[in-house]
Amino acid sequence: MRYRPFGVAGKAVSAVSLLLREAPNMSSPQAWRALVFSAMESGINCFEVAAGLEVAALGLGEALKSVERRLLFLSWRLRGDPRGVLTAQAISHSIRGGLQKTGAGYFDLVMMDETAYETLAPDALEHLAQLRSAGLCLQVGVAGDGAAVDEGIRSAAFDVATTPFSITSDWQARRRIREASDSNMTLVGCEPFPGALGRTNQAAPVRSGLLGRGRVEPLAGAGTYAFLNDTPGWTPDEICLAYSLTEPSFATVQLEIFRTEAIARMAEVTDKDLPTGVAAQIEMARFGEVADRRRA
């Protein structure tokens, strides 16, 4: 496992990290505890748990008992409800509840998803600053790829931005990364496995794959991305992750994986370089997609 500095936080975090949120067959704290242990055995020391998922928080807390807190980077993900307002009181209750369930003592980072940011009460960011001053969290960030996240990046109100990045990312995703980097924000990549690739309008079949749940088969009708299936010694998911890891602005690339063998396999990717010529093939395929869209 390779490690990278997490901005000005002073901690080194694993090049790949885990987001813990709803998953099939993960209905008990024991299941999450086993998953976190497996990740730590593969060198992963950076975890983010979604608010409201009590079993994951409890399982993470059980795993933390065997590791020095200073060696881990822990994040709490606030989730919004488009039907309501995320108040300062709700934020405080969520963070304090998360600390109680995990036994973490403090969170290195409190992230909010795009809906949470869009529904923030007027005094909520000020209250988050107070919680940070009190030592309950050290940094605050925003996650997503919509207009609200772009606004958050430009507002200078956040320390960290989490944004999707993959072999098919367009200029808008790259602009967002550049703007956040220029604002001295720490960047976290996510969603490195594209949902669909190629030049086909047909729906791609679903398979049970790396993520441990049904997902779109990325290589159905792959077109110019067919090389992903033909690279010796590499799977398509490994190439996609390796490419995301080449983005120098990212402190870590966040994954959602719920099978221990897949965690180990993805952790090994951090110690490998992309095969010769694959980066050029990715760029040619990506620009080919852009040209096709313009002609359409």
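Visitor: Is Phe6 buried or exposed, and what is its relative accessible area?

Guide: Phe6 is buried, at a relative accessible area of 1%. Keep in mind that this is a predicted model.

Visitor: How many aromatic pairs does the structure hold?

Guide: There are seven aromatic pairs in the structure. One of them joins Phe6 and Phe73, with 4.2 Å centre to centre and 35° between the planes.

Visitor: What do I need in order to describe such a pair?

Guide: The distance of the centres and the angle of the planes describe a pair of aromatic rings.

Visitor: Which geometry do Trp32 and Phe258 show?

Guide: Their pair is edge-to-face, with 90° between the planes and 6.1 Å centre to centre. Trp32 sits in helix α1 (residues 29–41), and Phe258 in the loop between β12 (250–255) and α9 (260–269), 226 residues apart. Both Trp32 and Phe258 are buried.

Visitor: Which residues do ring pairs link into a cluster?

Guide: That cluster consists of Phe165, Tyr243 and Phe250.

Visitor: Which rings have a charged end sitting over them?

Guide: Tyr106 has the charged end of Arg69 over its ring, 4.0 Å from the centre. Over the ring of Trp234 sits the charged end of Lys272, 4.1 Å from the centre.

Note on methods
Residues numbered from 1 in each chain as written. Predicted model: local features only at pLDDT ≥ 70, side-chain atom pairs only at ≥ 80, totals over all residues. Heavy atoms only, no water. Phe/Tyr/Trp six-rings, centres within 6.5 Å; stacked < 30°, edge-to-face > 60°. Buried < 20%, exposed > 50% of the residue type's maximum accessible area, 1.4 Å probe, protein only. Helix = DSSP H or I, 4+ residues; strand = E, 2+ residues; numbered from the N terminus. Lys NZ or Arg CZ within 6 Å of the ring centre and 35° of its normal.
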